[in-house]
Amino acid sequence: MTRASLDKQPHEVASMFDRVAANYDLTNDVLSLGQDRVWRKEVAKAVGARPGQKVLDLAAGTATSSLPFAAAGAYVVPCDFSLGMLREGKKKHSWLPLTAGDATKLPFKDDVFDTVTISFGLRNVQDTEAALRELYRVTKPGGQVVICEFSQPTWAPFRTVYTEYLMRALPPVARAVSSNPDAYVYLAESIREWPDQPALAALLQKAGWGKVAWRNLSGGIVALHRGTKD
């Protein structure tokens with residue numbers, strides 16, 4: 001198994017990410033033309049981690065995304081269901097409490113975290129609504145969710161160019177830099193099939209989140225959704 005199908009069977013997705021773990025951070029940097037660093041800075045601003053807070057960083061991969069929260073003084077738990085990703089993360093950031101967990105069945109008690117965040121991972125969960133409910137469950141009352149995910153460019157001509165890049169240019173580039181280029185064909189397909197900004201906002205509201213809003217990054221290539229738990 002080198003790539004997952006769009007029905008997103010958990011064992012297939014986990015296996016696929018295990019195989020790309022070694023060069024994952026580098027590949028993302030190349031494929032996004034360095035924009036992934038900008039997006040993660042925006043996530044860090046939105047989370048606004050402070051000393052003493054507890055932050056769940058779901059789909060954390062190698063835990064690179066968790067570092068800004070730890071640097072701000074928060075207690076951050078990087079969580080992922082790819083053991084390959086977690087092993088790579090442990091090599092780089094052995095001091096972080098990397099935790100194996102499925103987004104639809106999180107291994108945490110109710111009302112634990114001040115903020116739950118997931119970047120570029122919700123799209124790979126088999127049951128999006130179940131994951132959003134689980135995020136809600138483990139968040140403290142008054143806490144927040146921050147979701148950074150690929151979305152739909154807002155300008156129609158650019159949207160067409162972007163779709164062409166995903167399906168035609170991304171796979172050849174991935175072959176040059178990734179340890180498992182077929183995985184990036186799946187990623188391109190999953191981005192194309194993912195709900196747009198208002199549709200994801202509606203799913204958040206359905207899961208119980210209040211004050212749901214989003215902000216587009218890079219012209220809507222990525223959207224930053226937020227919500228609070230009353």
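Residues are numbered from 1 along each chain as its sequence is written. Because the model is predicted, local features need pLDDT of at least 70 and side-chain atom pairs count only at pLDDT 80 or more, while totals for chains, interfaces and linings use all residues, and side-chain values use heavy atoms, with hydrogens and water left out.

## Strands

Helices (H or I, at least four residues) and strands (E, at least two) are taken as DSSP runs and numbered from the N terminus. Two strands are said to pair if DSSP finds at least two bridges between them. Strand 1 (residues 54-58) runs parallel to strand 2, and five bridges join them; L58 has C79 in strand 2 as its bridge partner. Strand 2 also pairs in the parallel sense with strand 3 (residues 99-100), over two bridges, and here D80 has A100 in strand 3 as its bridge partner. Between strand 2 and strand 3 the chain passes through helix 5 (residues 83-92), and this β-α-β crossover is right-handed, a term used if, with the strands pointing away from the viewer, the path from the first strand over the helix to the second runs clockwise.

Strand 2 (residues 75-80) is mostly covered, with five of its six residues buried. In this report, buried means under 20% relative accessible area, exposed means over 50%, and partly exposed is in between (1.4 Å probe, protein chains only).

## Salt bridges

Side chains of opposite charge can pair when their charged atoms come close. A salt bridge is counted here when a side-chain nitrogen of Lys or Arg is within 4 Å of a carboxyl oxygen of Asp or Glu, and a search of the whole structure finds ten of them.

| Salt bridge | N to O distance |
|---|---|
| K45 and E42 | 3.5 Å |
| E42 and R215 | 2.9 Å |
| R137 and D110 | 2.8 Å |

K45 and E42 are three residues apart in helix 3 (residues 35-47), so about one helical turn separates them. K45 counts as exposed, at 62% relative accessibility, whereas E42 counts as buried, at 16%. E42 also forms a salt bridge with R215, and this pair links distant parts of the chain, because E42 is in helix 3 and R215 is in strand 6 (residues 210-217), 173 residues apart. R215 counts as partly exposed, at 41% relative accessibility.

In the remaining pair of the table, R137 and D110 meet through their side chains. R137 is partly exposed, with a relative accessible area of 22%, and D110 is partly exposed, with 48%. Through shared partners, salt bridges join E42, K45 and R215 into one network.

## The cavity

Rolling a probe the size of a water molecule over the atoms shows where empty space is left. A cavity is, on a 1 Å grid over the protein atoms alone, a set of points where a 1.4 Å probe fits but cannot get out, and its lining residues have an atom within 4 Å of a point. Grid points are joined across faces, edges and corners, and a volume is the space filled by probe spheres set on the points.

The search of the whole structure finds one cavity of 30 Å³ or more, and the largest cavity has a volume of about 50 Å³. R40, V43, A44, S65, P68, F69 and S119 line the largest cavity. Helix 3 gives the most to this lining, with three residues, and both helix 3 and helix 4 (67-71) supply at least two residues each.

## Single residues

Most residues other than glycine have a negative phi, and most peptide bonds are trans. A63 is not a glycine, yet A63 has a positive phi of about 75°. A63 lies in the loop between strand 1 and helix 4 and is buried, with a relative accessible area of 0%. D111, also not a glycine, has a positive phi of about 55°; D111 is placed in the loop between strand 3 and strand 4 and counts as partly exposed, at 37% relative accessibility.

E149, in strand 5 (residues 139-150), counts as buried at 1% relative accessibility. E149 and I221 are 72 residues apart in sequence, and their C-alpha atoms are 8.6 Å apart in space.

Notes: On a 1 Å grid over the protein atoms alone, a cavity is a set of points where a 1.4 Å probe fits but cannot get out, and a pocket is an open set with protein on both sides within 12 Å along at least five of seven lines; lining residues have an atom within 4 Å of a point.
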